[in-house]
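Here are my notes on this one, written with the model open beside me. Have a look at the structure first, then go through the points in order.

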Amino acid sequence: MLNRKNIEPFRAGIIGCGAITEHLHAPDYAIYEGAVIAALCDANLARAHEMRERFAPEAAVYSDYKEMLRKEPLDGVTVTLPNVLHAAATITSLKAGCHVLVEKPMASSLAEAKRMIAAAKAAKKVLMVNQCQRRSAVHRKAKEVLDSGILGKVLTVAACFGHEGPENWSPTGKWFFNKSQARFGAMADLGVHKADLIRFLTGKEVAEVNAFTARLEKKRATVEDNFVSCLRFTDGSIGTLTASWTTKGMDADYVILHCANGSLRVNEIPGKPLVANLVDPECTIEFELPEPLSVYKDSWGFGVSEGFVRATRGQEKPFCSGIEGAKSLAIILACEKAAESAKTTKVAILK
Ligand SMILES: NC(=O)c1ccc[n+]([C@@H]2O[C@H](COP(=O)([O-])OP(=O)(O)OC[C@H]3O[C@@H](n4cnc5c(N)ncnc54)[C@H](O)[C@@H]3O)[C@@H](O)[C@H]2O)c1
């Protein structure tokens with residue numbers, strides 16, 4: 001909610017009108033009174049028109065984002081293109097004077113991520129990465145519980161994200177399977193969410209990793225459909241991180257944290273999103289979750305657009321800054337190297 005009536009709505013552009021724009025960004029901006037979707041861009045113009053009809057009847061429509069950036073006076077853009085296009089679109093938008101919220105994984109390499117961060121600094125604009133799991137009610141509450149100290153030190157972590165594959169998510173998303181457009185498979189599509197979430201929940205950094213990747217079912221893909229890794233944190237504690245595009249029957253989207261005084265199960269037990277099992281006093285606590293950050297349930301209740309706009313106005317901290325996104329990406333890149341070399345690999349240190 002805007003707290004001062006005299007603030008003009010944030011003029012947002014969206015670059016990429018595929019599945020994540022349809023399910024998250026467009027409805028999320030549309031419900032937020034602090035912003036208007038002023039322009040929509042997609043190489044497939046029909047998609048941009050479809051999003052305009054459904055969410056932003058006033059928006060100008062483009063097939064070329066450079067033209068959009070030249071012609072439209074925008075405050076910021078949300079970049080939702082295939083992964084390998086994130087860096088170029090982000091840097092071009094920053095240079096055009098826009099704040100940027102870019103989808104995960106923020107880039108294809110750390111070199112790209114660093115260029116994006118440098119471009120934001122040079123332009124004095126906000127760069128944020130849509131590591132949106134940080135904004136879900138269950139994860140915000142889990143962080144509060146861990147920060148309260150009742151569970152004590154986190155000793156081991158197991159994080160897993162799996163579903164049947166992007167073909168069930170995006171009708172136009174063939175690129176997800178093509179390494180030259182996606183750069184990674186399940187590892188960065190889903191794994192980067194949990195790499196980031198582990199860092200967010202525990203406040204720990206990963207020092208080194210081991211990993212395996214496999215292509216078990218998506219035989220035409222040129223990326224992995226499964227990924228399993230072992231993590232060692234800088235404080236010596238350890239964990240596992242798994243991502244899969246071949247999870248059948250029921251999606252997996254959980255973290256378990258085993259701590260000195262008990263365990264915290266986040267989204268692991270069906271119907272019980274957040275459960276702590278404590279040893280002293282021996283008890284089980286089922287936590288109530290806070291209200292979602294957006295009233296619009298169809299956009300997952302994350303309120304990412306509001307978080308982005310408020311961060312550009314200095315009203316709150318970015319929920320995931322460029323450097324935070326890069327640190328989470330660095331874990332995935334180390335895992336890739338570890339899998340390729342069959343060697344324990346250090347995670348790049350970013351400051
Ligand atoms: N945060 C999340 O939970 C989440 C979930 C799903 C996807 N994503 C990310 O969002 C991004 C997009 O994923 P998606 O599922 O929406 O894919 P998608 O294939 O459904 O949409 C991508 C869109 O980009 C358009 N496009 C491609 N090249 C273009 C160009 N040069 N200029 C303009 N438009 C172009 C395509 O026509 C398509 O409409 C990916 O990086 C993905 O990892 C994030």
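1. Some ground rules. Two strands count as paired if DSSP finds at least two bridges between them. Helices (H or I, at least four residues) and strands (E, at least two) are DSSP runs, numbered from the N terminus. Keep in mind that this is a predicted model, where local features need pLDDT of at least 70, side-chain atom pairs count only at pLDDT 80 or more, and totals for chains, interfaces and linings use all residues. Residue numbers start from 1 along each chain as its sequence is written.

2. Overall layout. The protein chain splits into domain 1 (10-132) and domain 2 (137-287 + 321-346), with bounds that come from an automatic or database domain assignment. Taken over C-alpha atoms, the centres of domain 1 and domain 2 are 26 Å apart. Their contact (C-beta atoms, placed from the backbone, within 7 Å) takes 19 residues from domain 1 and 24 residues from domain 2. On the domain 1 side, α5 (110-123) and β6 are the elements that give two or more residues, and α5 has the largest share with five residues. That side divides into 14 nonpolar, four polar and one charged; here Ala, Val, Leu, Ile, Met, Phe, Trp, Tyr, Cys and Pro are nonpolar, Asp, Glu, Lys and Arg are charged, and the others, Gly among them, are polar.

3. The six-stranded sheet. This open sheet has the order β3-β2-β1-β4-β5-β6, with parallel pairing. At its edges are β3 (60-62) and β6 (127-129), each of which pairs on one side only. On average, neighbouring strands are turned by 25° against each other, direction ignored.

4. Two helices side by side. Helix α4 (residues 86-95) packs with α5 at an angle of about 10°, and their axes are 9 Å apart. Axes here are lines fitted to C-alpha atoms, for helices over the stretch in contact, and angles run from 0 to 180 degrees between N-to-C directions. From α4 come A87, T90, I91, L94 and K95, which meet E112, R115, M116, A119, A120 and A123 in α5. By class, this contact has seven nonpolar, one polar and three charged residues.

5. The nine-stranded sheet. Here the open sheet runs β14-β13-β12-β11-β7-β10-β9-β8-β15, with mixed pairing. The edge strands β14 (282-286) and β15 (345-346) have a single partner strand each, so one side of each lacks a neighbour in the sheet. Strands β11 (residues 252-259) and β12 (residues 262-269) run antiparallel and are joined by five bridges, with L257 opposite L264 in β12. Helix α9 (residues 191-202) packs on the sheet, touching β7 (154-162), β9 (226-233), β10 (238-244) and β11, and its direction makes about 150° with that of β7.

6. The ligand. Where does the ligand lie relative to domain 1 and domain 2? Both domains give residues to the shell around the ligand, so it lies between them. Of the 27 residues around the ligand (C-beta atom, placed from the backbone, within 6 Å), G18, A19, I20, E103 and S170 come nearest. Helix α1 (residues 19-31) gives the most to the shell, with three residues. The shell has twelve nonpolar, ten polar and five charged residues.

Key:
Two residues are in contact if their C-beta atoms, placed from the backbone, lie within 7 Å.
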